[in-house]
Amino acid sequence: MHNSRETREFFQYVIPSVFAFALSGVYAIVDGFFVGNSLGDAGLSAVNIAYPITALIQAAGTGIGMGGAVCYAVNMAEKKEKEAGIYMAGALWLMIGASIVLTACFFFLRVPVLRLLGAEGETLVLAEEYTAVIALGTGLQVIGTGLVPFIRNLGGSVYAMIAMASGFIANIVLDYAFVWVWNQGAAGAAAATVISQGVTLLIALFFLLRNKTLALAVSAAQFAAAAALIIKIGIAPFGLAMTPNISLAVINRFSAFYGGETAIAVYACIAYMISIVYLVFQGVGDGSQPLISRYYGERDFARMKTARSKAYKFALFLAAAACLVLYVLRKDIGLLFGASSEVNAEIAEIMPIFLAAVPFVAVARITTASFYAAKKSSLSYVLTFIEPVLMLVCMLVLPPLFGGQVMIWWSSVIAQIASAAAALMLKRRADRRDMI
């Protein structure tokens, strides 16, 4: 009976989180769908190349919000309500500061950043239009994304899902209006993304204000101490949110050399679909975070491990389901984004390579989330950043030796499998030492 109640509570937290993260992944697909069908392969490539900037902005909100939410949950479990409020206030001021810095960086430096990401010619022009609007809406994206983990830790998992779902629906409606009806192109798609994040922000603020949990008052000394711990914990969820986009930037850069615009367009479509799957895994990890953090604060390590075990099993089940669906639909994915017949045919051929790594990504992501939920920052850092490093090494070594563009694809898979192996080794080591 006790286990049944814990299982029910687990899914009450995790299911809404999974849906919320899946919807956040569809934000990118919506932009790609409307822009690709309006402007063709060049528009699709432009949004794909610029997307890591959008992802970094939103990952900043995720990292700060999750770092603050973990500290908030642990302190509440330890009956330290005043300290919990300080961490919420500290996180909010960090979000505001990050918004100002990121707005300035990406608005004024967007052209060199996009060139660094591989944009050239018409793709650069369209990507610049997209990024300018995204940069100006940074505040809405950072704060809207960052408040969601707090709502989840306050028992509002379903409400958090509603907030993100509302933003998603707004994004579809506005993309249709801006891109197709008013012919605003890439800039219109970016405006739709920014405004829809504003919708999520307003709903999140309403929840916090209604529950009288919104906190902004914090002294300079308290802020400095809180910010240091929030950032320490938040680096891992920030990196976890960014990893697929770091991979996207790296793959685009190498693909521009080996396969050109066609290869970039191929990976754009694959990345849109795969990124949703990865975000679903993050939904499982972050959905279980409030439970893991609570049990950690209560020093109930047996229940903490049980919650983690449930997260592994559910994530692997979702991985199997996702692989089956994407394999069956692999020949139609390019058509969804208005890709050319050449690009669509190559997507169908390449997709199985990326599906081979999906279960391994599930293991790595759940392990990473369980580490930062229990304030094991150093272990979460290793797992967060090992994948892009391994991928870069593989791409520098394997394509020149064994086959050009095809080894770009396999380099990603090899890095993800190695990362999962490292995750399992670190988990066993941590368990033996009773670290988690």
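Is Arg110 buried or exposed? Arg110 is buried, because its relative accessible area is 17%. The word buried means under 20% relative accessible area, exposed means over 50%, and partly exposed is what lies in between, with a 1.4 Å probe and protein chains only.

Before going on, the conditions. This is a predicted model, in which local features need pLDDT of at least 70 and side-chain atom pairs count only at pLDDT 80 or more, while totals for chains, interfaces and linings use all residues. Residues are numbered from 1 along each chain as its sequence is written, and side-chain values use heavy atoms, with hydrogens and water left out.

Now the salt bridges. The general point is that side chains of opposite charge can pair when their charged atoms come close. Here a salt bridge is a side-chain nitrogen of Lys or Arg within 4 Å of a carboxyl oxygen of Asp or Glu. The structure holds six of them.

Helices are DSSP runs of H or I with at least four residues, numbered from the N terminus. Arg294 is partly exposed, at a relative accessible area of 23%.

Back to Arg110. Its side chain meets that of Glu128 in a salt bridge, 3.6 Å from N to O. Arg110 belongs to helix H3 (residues 110-116) and Glu128 to helix H4 (residues 121-136), so the pair ties together parts that are 18 residues apart in sequence. Glu128 is partly exposed, with a relative accessible area of 26%.

Asp300 is partly exposed at a relative accessible area of 22%, and Arg303 counts as partly exposed at 24% relative accessibility.

Staying with H4 for a moment, Glu122 is also found in that helix. Glu122 is exposed, with a relative accessible area of 52%. The C-alpha atoms of Glu122 and Ala263 are separated by 16 Å, and the two residues are 141 apart along the chain.

Next, two loop residues. Where is Lys79? Lys79 sits in the loop between H1 and helix H2 (81-108). Its phi is near 65°, a positive value in a residue other than glycine. Lys79 counts as exposed, at 71% relative accessibility. Asn183 is in the loop between helix H6 (157-181) and helix H7 (185-210). For Asn183 phi is near 55°, again a positive value in a residue other than glycine. Asn183 is exposed as well, with a relative accessible area of 61%.

Ser377 is found in helix H14 (residues 377-402). Ser377 counts as buried because its relative accessibility is 5%. Leaving out residues up to four places away in sequence, Ser377 touches Lys232 and Ile233, where contact means heavy atoms within 4.5 Å.

Val389 is also in H14, but it counts as exposed, at 51% relative accessibility. Val389 forms a nonpolar surface patch with Leu392, Val393, Leu396, Val397, Leu401 and Phe402, and together they have about 680 Å² of accessible area. Patches are made of residues with over 30% relative accessible area and no salt bridge; like charges are joined within 9 Å, and nonpolar side chains (Val, Leu, Ile, Met, Phe, Trp, Tyr) within 5 Å. Accessible areas come from the Shrake-Rupley method with a 1.4 Å probe, and for residues only the protein chains shown count as cover.

Finally, H15. Val413 lies in this helix and is buried, with a relative accessible area of 1%. Beyond its neighbours within four places in sequence, Val413 is in contact with Ile353, Phe354, Ala356 and Ala357. Val413 and Val361 are 52 residues apart along the chain, and their C-alpha atoms are separated by 9.4 Å.

Arg432 lies in H15 too, which covers residues 405-432. Arg432 counts as exposed, at 64% relative accessibility. Arg428, Arg429, Arg432 and Arg433 gather in a surface patch of positive charge. The place of a charge is taken as NZ of Lys, CZ of Arg, CG of Asp or CD of Glu.

Technical notes
Lys and Arg count as positive and Asp and Glu as negative; His and the chain ends are not counted.
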